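Visitor: I would like to go through this two-chain entry with care, one question at a time. Could you show it to me before we start?

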Amino acid sequence: MIATQQNREPKVTDPYLKFFERFEKSRDDGAPSWVFPVRKAALARFAETGFPTPRDEDWRYTNVAPIANLPFRPILDSATRDLSSESVDLFPFARLSGIRLVFVNGTFVPHLSVLPQRNSGVRIKNLKSALVEQQSLLETHLAKLARVEDSPFAALNTAFFQDGAFIHAAPGRSLDEPIVLFFVSTPTDAGNTCHLRNLIVAEKSSRLTVLECYARIGEGTTFTNAVTEAAVGEGATVVYCKFQDESPEAFHVASICAHLGLKCNFTAHSVATGARLSRNNIRVKMDGEGSDCILNGLYLTKGDQLCDHHMIVEHAKPHCNSHEYFNGIMDGRSRGVFHGRILVQPEAQKTDAKQTNKNLLLSDDATANTKPQLEIYADDVKCTHGATVGQLNDDSIFYLRARGIGLDTARRMLIHAFAGEIIERIKCAAARKELDEVIWDRLEQNPHVAERR
Amino acid sequence: MLEIKNLHAGVESKAILKGVNLTIQPGEVHAVMGPNGSGKSTLAQILAGREGYEISRGEVIYAGNNLLEMDPEERAREGVFLAFQYPVEIPGVNSTYFLKAALNEIRKHQGQPELDAVEFLALVKQKMKLLDLGEDLLKRPVNEGFSGGEKKRNEIFQMAVLEPKLAILDETDSGLDIDALKIVSNGVNRLKRPDNAQLLITHYQRLLNYIVPDHVHVLFDGRIVRSGGRQLALELEEKGYDWIIREEPQFA
């Protein structure tokens with residue numbers, strides 16, 4: 001589109017630019033001076049690119065026009081804080097005792113949150129406070145991994161992010177209990193947008209488990225645009241698990257961008273059941289030798305839902321392993337999208353990369369788009385990928401029936417097993433148990449799970 | 001117990017079984033032997049209720065009922081068991097969970113109380129010794145990552161737990177080394193009772209050194225062309241299938 005400076009057509013990004021001007025004038029968050037230029041540069045990038053379209057290869061199957069068409073109403077300070085702790089207790093992961101940070105419509109709610117009592121060497125606080133209190137750490141790490149060039153949504157987030165979690169493990173420090181982050185949406189006006197921003201820094205030889213739960217109370221056409229950056233230092237272990245269960249009318253875009261140093265261990269799980277349209281960008285750069293990365297995902301969709309997982313794993317150094325297992329179960333007219341790219345740089349010899357995406361279609365109108373992709377510039381590597389789309393395996397059903405198990409039970413067993421394959425890989429036992437129950441219940445509620453087709 | 005009468009079956013337009021007749025009484029062990037492609041496995045699959053075969057003529061009566069009208073699970077609950085030639089790997093379904101569900105479906109159907117977890121585990125431990133299987137196997141998903149021998153032993157282990165009236169063993173000996181073959185055969189022999197029957201389907205005589213059949217039948221081109229005692233199996237081993245085929249006027 002050609003637009004001249006004068007008398008030009010209004011652009012979809014205009015309301016964002018206008019809002020930013022007001023945002024710039026009104027800010028009084030005490031954030032350090034370097035933050036604003038970062039925001040401004042990100043906004044400029046977004047203004048340049050606008051929202052992606054299906055013409056972009058990375059967005060081929062996922063049309064974000066419904067998001068672009070929403071009125072832009074970023075929530076800077078949520079009015080809804082009167083959430084009871086009992087309502088938070090109903091969410092998955094809530095039974096896990098220990099540290100939790102609760103955000104309602106993007107705003108940190110201290111009285112619902114539980115912060116560590118003693119100084120264990122792991123700092124946990126909301127990002128807004130950290131921007132004031134931990135300036136140099138944040139300047140080093142914030143907005144370094146989620147690059148504005150990589151995604152318009154990351155750019156939008158960097159321009160407007162309001163709050164989120166900041167987690168920092170000092171060298172050699174570990175926290176065995178999981179840190180749980182709750183991001184709760186309550187019914188608000190259409191287009192109300194939360195730009196959530198989390199930063200995880202695991203210094204040398206530290207260990208952390210971070211669980212993110214995106215949940216809702218009530219239903220609404222909200223838009224969550226979240227970015228989590230994870231800097232994983234030498235010999236550090238980070239387990240990250242995200243559960244997305246937003247309103248069936250909501251929009252959800254999230255990125256996890258991880259940078260792995262020498263001999264790291266990084267595991268990320270994504271379990272998605274909610275939102276009308278959701279997109280998960282998973283970006284991992286393996287930038288030190290001898291690191292292990294495991295990425296798992298499970299998505300259940302029905303109705304008109306669309307759930308997209310898009311990942312790029314970059315092997316930049318030799319002797320790293322990355323394994324990805326993603327299963328999708330689609331029903332109704334829903335669509336599951338998987339795009340996994342493994343990029344092996346010339347230097348990254350002895351790479352061992354494996355990627356699997358399996359899709360189970362429970363209805364004739366459900367769709368799976370899967371695109372595993374290998375891009376290899378080194379010659380001594382072991383890379384495999386595979387994808388399947390289909391219905392339940394007849395041989396498996398017959399085997400179960402031949403042992404006395406009825407057809408409906410056999411089908412249910414196999415569908416649960418298909419989800420269970422991914423759930424059982426979740427390393428954090430408490431989170432695994434919670435998600436196992438949630439997913440079991442969701443599948444049982446689905447009338448097609450036991451139905452004869 | 002089982003009466004197969006003039007059974008004709010095939011897939012699409014291809015006839016595989018062309019008039020099989022076979023009667024099995026309680027307490028008997030029958031062996032059906034035959035060269036590749038003779039229809040042995042088709043017979044086993046049809047008896048267990050596998051879909052996809054067209055039955056054009058004949059009938060199968062099991063314990064007084066029309067077997068071919070029953071769903072696979074009904075057959076299993078009535079006591080029919082197929083030890084698969086190729087046991088299926090089922091990722092994500094735990095072996096204990098699977099076998100307990102199967103056993104309780106069968107018990108429920110037969111009017112017996114269901115077993116709880118403790119009772120089931122006690123039963124399972126006792127049966128595992130019979131097949132020399134490690135208990136860790138039960139913690140794993142059904143057949144997933146099992147070796148060929150483990151899969152076959154697992155089939156017989158399931159048979160031991162489910163205690164069928166009619167067990168059909170489809171090429172259970174294939175892929176087993178001599179030690180595993182002995183273990184499996186020993187298991188099968190100890191499961192033999194006056195009120196149940198076994199139908200062994202095998203290409204080779206080898207298995208019959210360990211499980212001694214009362215009757216041996218030779219299946220060729222979809223029909224049983226000869227029946228006899230154990231001696232028939234030994235003769236086949238010595239002379240090969242060609243010997244019988246040559247003696248059959250219609251193939252000569």
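Predicted model: local features only at pLDDT ≥ 70, side-chain atom pairs only at ≥ 80, totals over all residues.

Visitor: How many helices and strands does chain A have?

Guide: Helices (H or I, at least four residues) and strands (E, at least two) are taken as DSSP runs and numbered from the N terminus. Counted in that way, the secondary structure of chain A comes to ten helices and 20 strands.

Visitor: What radius of gyration does chain A have, beside that of a compact globule?

Guide: The radius is taken over C-alpha atoms, and the globule rule is 2.2 Å times the number of residues to the power 0.38. The C-alpha trace of chain A spans about 70 × 50 × 50 Å along its principal axes. For 453 residues a compact globule would have a radius of gyration near 22 Å, and chain A agrees with this, at 22 Å.

Visitor: What share of the residues in chain A is buried?

Guide: A residue is buried if 20 or more other C-beta atoms, placed from the backbone, lie within 10 Å of its own, exposed if 12 or fewer do, and partly exposed in between. Under this definition, the buried part of the 453 residues in chain A is 53%.

Visitor: Which radius of gyration goes with chain B?

Guide: Chain B has eight helices and twelve strands. The globule rule gives 18 Å for its 252 residues, and chain B is as compact as a globular protein of that length because its radius of gyration is close to this, at 18 Å.

Visitor: Which helix gives the most to the side of chain A that touches chain B?

Guide: Two residues are in contact if their C-beta atoms, placed from the backbone, lie within 7 Å, and 16 residues of chain A are in contact with 20 residues of chain B. On the chain A side, α8 (394–401) and α9 (407–423) each supply at least two residues. With six residues, the helix that gives the most to this side is α9(A).

Visitor: Which residue takes a positive phi in the hairpin of β11(B) and β12(B)?

Guide: Strand β11 (residues 215–220) of chain B runs antiparallel to β12(B), and five bridges join them. Across this pair B:His217 stands opposite B:Ser227, and B:Val218 stands opposite B:Arg226. The hairpin has two residues between the strands, and the positive phi, near 50°, belongs to B:Asp221.

Visitor: At what angle do α5(B) and α6(B) pack?

Guide: Axes are lines fitted to C-alpha atoms, for helices over the stretch in contact, and angles run from 0 to 180 degrees between N-to-C directions. The axes of α5(B) and α6 (residues 178–190) of chain B are 10 Å apart, and the packing angle is about 10°.

Visitor: Which residues does A:Leu70 touch, not counting those up to four places away in sequence?

Guide: A:Leu70 is found in the loop between α3 (65–68) and β1 (73–74) of chain A. A:Leu70 counts as partly exposed because it has 16 C-beta neighbours inside 10 Å. With residues up to four places away in sequence left out, A:Leu70 touches A:Ala190, A:Gly191 and A:Phe223.

Conventions: Residues numbered from 1 in each chain as written. Chains lettered and ligands numbered in written order. Pairing = 2+ DSSP bridges.
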